[in-house]
Amino acid sequence: MKKKVKKIVRKVEALHVAKRAQTHPARRLIVKDNVNTDYVISGRYKFKIQDPKELARHIFEDIDPAFAARVSAGDILVAGENFGCGSSREQAPQALKVAGFSAVLAKSFARIFYRNAFNIGLMLIECNTSFFDDGDEVAIDIERCKVDNVSKGLSIDMKPVPRIMKRLLDDGGVIEHFRKHGGFKFE
Amino acid sequence: MGKTIAEKMLSAHAGKDVRAGDIAVCDVDFCFGQDGTSGIIIDSFNKLGVNKPFDPAKFFMIIDHSAPSPNIGVSAIHKKMREFAKAFDVGLYDIGCGVCHQLIPQNGHVTCGDLVLGADSHTCTYGAINVFSTGVGSTDLAITLASGKNWFKVPETIKVTVRGKLPPGVSSKDVILNIIKDIGSNGATYKAVEFYGQTIDGMSVDSRLTMSNMAVEMGAKAGIMAADRKTLKWVSKTSKRQPRPVAADPGARYCAHREYSVDRLSPQIAKPHAVDNVSSVDGIGQVRIDQAFLGTCTNGRLEDMEVAARILKGRNVHPEVKFIVAPASREIFLQAAKKGFIDIFAKSGCAVVAPGCGPCVGTHNGVLADGEVAISTANRNFKGRMGNPNSFIYLASPATVAASALAGHIADPREYKKRLR
């Protein structure tokens, strides 16, 4: 988990040096708004927690059965409003992370999903996602609060990632944060 | 300046004065997980490097989502939960006890003024009895299990006022569906909702629980009601703990005000595949149904059983409809049996299944076939929710579901208004 986050951060840091090389292809969902956690991973599979790879194979199955097969490591998921609404299942961000997504971009996120994702070290970015097509090369810089769509030559403002969430990402998730500090340490 | 209920409750549990937008680390009074989330709670807890739960008495696990187990994988998770409960001396409600959101208030685990976390999105249900309760994921819950605490962003609050007298055949489910239609499925995201007004005052606690239960369907973190005499009487029967009712201050700051009048409200139906896709039963047209379902944390309580029983009494469910009934708890099952409702259900041709979440989550107990249509008293009609993405789910009140089960298509329960008085 720790390694994964560091990898993203390193890529972001290197962005200014070699922009092109540091980008990730976007994978845009067909259904844009209100993609709930049942759609991320159906209740039919959510009990299969012993095998996260199996979960990852079934992401978005009920709304786009061909989607999971198109995802490769490092891809960035692009969605619309209220992504991750509904059930509290942590299997949803977990399945996205195991499927290889390095981040999710959406216009807004539902509350429980938002916490769950950062808790397991999956970065979420709120920004206007209207300007992304499937396969666009994307680079994220959370310090500058910019998402660059390199393919389209656009630089888009993102909502700043809250300090707490950055802290959790830096530590590699809330479990690692808790172990490291013996509790919450946000100051 | 005055404070909202959320601000006051979170301040009390943070031990400092906090306002909307502030981050607070709070002491949690009670937390729990169900069988869809407890497996990961246990895994996360084991990674935290603590020897035992912070306070075993403040944590419960409930086997309700897929109970009794339909397959080997679920059985393994249930076994893991039982072993964890035994090892750490924490409480567990096993198969047949009922749905978490019925058991927790009914058995007195929570009372007015409490701060509660549940690894289930419908944890907001207890807002109806003046509890700040909200859903979190499994790892968040594990942190609370280990430390007794978690961090909260104090939410802004939308004040909802509901006025008027409900017409016969129209219930709290119709009121909340109508509110969700207006506010939308993300209209209250990150926010708390406070419910007020004479309609709420006139409702039973059971009816109020239905409304708070669905607050999350508009994205809300909590759906809170003030405690009145009904609430205090209710919690004094369920819980031995001293209630600490919290009311909003005069001059509390709300981010929005919404007002509704229910005098002429008709039965409401949420159509596939979104909870805010709501229309009146009057405009629904001829919708043939294959399955009806009465139950869940939204509408599986005694008064819901009663409404359906009144409509079904002496009649037969339509021959092409499967009607599944799952009382929300064993206690409700027993009371419904005592009052003769179970007898009515069975004689009408219903399949009464074990208390629990039933077919709502789509793992067992009534998975739909391709192209089938269900009408359900549940709170979600997402594509695939009842186990098949090629099926269609309509959400409605217990009265509408019972009337539809008799008719074989979505029907107006006001037809039976003499029976519902």
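Predicted model: local features only at pLDDT ≥ 70, side-chain atom pairs only at ≥ 80, totals over all residues.
The partner of β10(B) is strand β9 (residues 192–196) of chain B, and the two pair in the parallel sense over four bridges. A handy landmark for finding this pairing is Ala192(B), which stands opposite Ala222(B) in β10(B).

Chain B also holds an open sheet of five strands, in the order β4-β3-β2-β5-β6, with parallel pairing. Its edges are formed by β4 (91–93) and β6 (132–135) of chain B, each of which pairs on one side only. On average, and with direction ignored, neighbouring strands of this sheet are turned by 20° against each other. Within the sheet, strand β2 (residues 30–34) of chain B runs parallel to strand β5 (residues 115–119) of chain B, and four bridges join them. Readers tracing this pair can look for Gly33(B), whose bridge partner in β5(B) is Ala119(B). Helix α3 (residues 72–88) of chain B lies across β3 (59–62) and β4 of chain B, and runs at about 150° to β4(B).

Turning to chain A, a pair of helices deserves a look. Two packed helices are described by the angle between their axes and the distance between the axes. For helix α7 (residues 163–171) of chain A and α8(A), the axes come within 7 Å and cross at roughly 85°. Angles of 65 to 115 degrees count as roughly perpendicular, and α7(A) and α8(A) are therefore roughly perpendicular to each other. From α7(A), Arg167(A), Leu168(A) and Asp171(A) take part in the contact, meeting Val174(A), Glu176(A), His177(A) and Lys180(A) of α8(A). Sorted by class, the residues of this contact are two nonpolar, one polar and four charged.

Finally, the two chains meet in a contact that takes 37 residues from chain A and 43 residues from chain B. On the side of chain A that touches chain B, α2 (37–40), α6 (111–119) and α8 (174–181) of chain A each supply at least two residues. The most comes from α6(A), with five residues. By class, this side of chain A divides into 14 nonpolar, twelve polar and eleven charged residues.

Methods:
Residues numbered from 1 in each chain as written. Chains lettered and ligands numbered in written order. Pairing = 2+ DSSP bridges. Contact = placed C-beta atoms within 7 Å. Nonpolar A, V, L, I, M, F, W, Y, C, P; charged D, E, K, R; others polar. Axes fitted to C-alpha atoms, helices over the stretch in contact; angles between N-to-C directions. Parallel < 35°, antiparallel > 145°, perpendicular 65-115°, else oblique.
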